[in-house]
Amino acid sequence: MLHIYSKNTTMTAKEENKTSNIKTFNPVNSIKRAGDIRAVGSKWAIVTSVGKVTWGTRRERVEIFRKGLPYETIEVIGQKANLPVKQVLHYFGFAQTTYNKKKRENDLLSVRDSEVVLVLSEVLDFGLEVFNNEKEKFHRWLKKPNLSLGGVAPESLFDSISGILEVQNALNRVEYGNMA
């Protein structure tokens, strides 16, 4: 039994717990809660006319982008980011006519482009969470020059994985109250 000594009183740990309003930390409960959260995991999704593509782990993401995504997912990204398709096509380096032809033929994006779409989708979903699902605020933040990103608008970094991850880092800073 643990005894707590102070200048004036001596009490056992049980007595201390009864008199204190502070909850004791139980690492077993904490580990169980973290495991439950990890088991559920984050689920991301992109809905297209072909169907819904979902993933919850990086391994699942790799499997999806290796198979390729339909070209129309570029439109989905445009809707999530509130960007015109023409601007999203510019980030991917596609001409509008090429995009229209590939979409009409139900062609698939390359592995690299599919990966960019999936990572960008995750970051856009995370951004909405950070802004408490207030789309207008989040979309304004995407368009506004940001000091933590070197004075450029977050959406201007959507052309590469590194740029998208920088936007994610800025969103992490916003979430935790740091300047972003």
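1. Let's start with a helix pair: the axes of helix H3 (residues 58-67) and H7 come within 7 Å and cross at roughly 140°. Axes here are lines fitted to C-alpha atoms, for helices over the stretch in contact, with angles from 0 to 180 degrees between N-to-C directions. Helices are DSSP runs (H or I, at least four residues), numbered from the N terminus. Keep in mind that this is a predicted model, where local features need pLDDT of at least 70, side-chain atom pairs count only at pLDDT 80 or more, and totals for chains, interfaces and linings use all residues. Residues are numbered from 1 along each chain as its sequence is written, and side-chain values use heavy atoms, leaving out hydrogens and water.

2. Which residues of H3 and H7 meet? Arg61, Ile64, Phe65 and Arg66 in H3 touch Val111, Ser114, Glu115, Leu118, Val119 and Glu122 in H7, contact meaning heavy atoms within 4.5 Å. Sorted by type, the residues of this contact are five nonpolar, one polar and four charged.

3. Now for a loop: Asn82 sits between helix H4 (73-81) and helix H5 (85-92). Its phi is near 60°, a positive value in a residue other than glycine. Asn82 counts as partly exposed because its relative accessibility is 44% (buried is under 20% relative accessible area, exposed over 50%, partly exposed in between, with a 1.4 Å probe and protein chains only).

4. Have a look at Asn132 too, in the loop between helix H7 (111-130) and helix H8 (135-143). Asn132 is not a glycine, yet has a positive phi of about 55°. At 61% relative accessibility, Asn132 counts as exposed.

Definitions and conventions: Helix = DSSP H or I, 4+ residues; strand = E, 2+ residues; numbered from the N terminus. Nonpolar A, V, L, I, M, F, W, Y, C, P; charged D, E, K, R; others polar.
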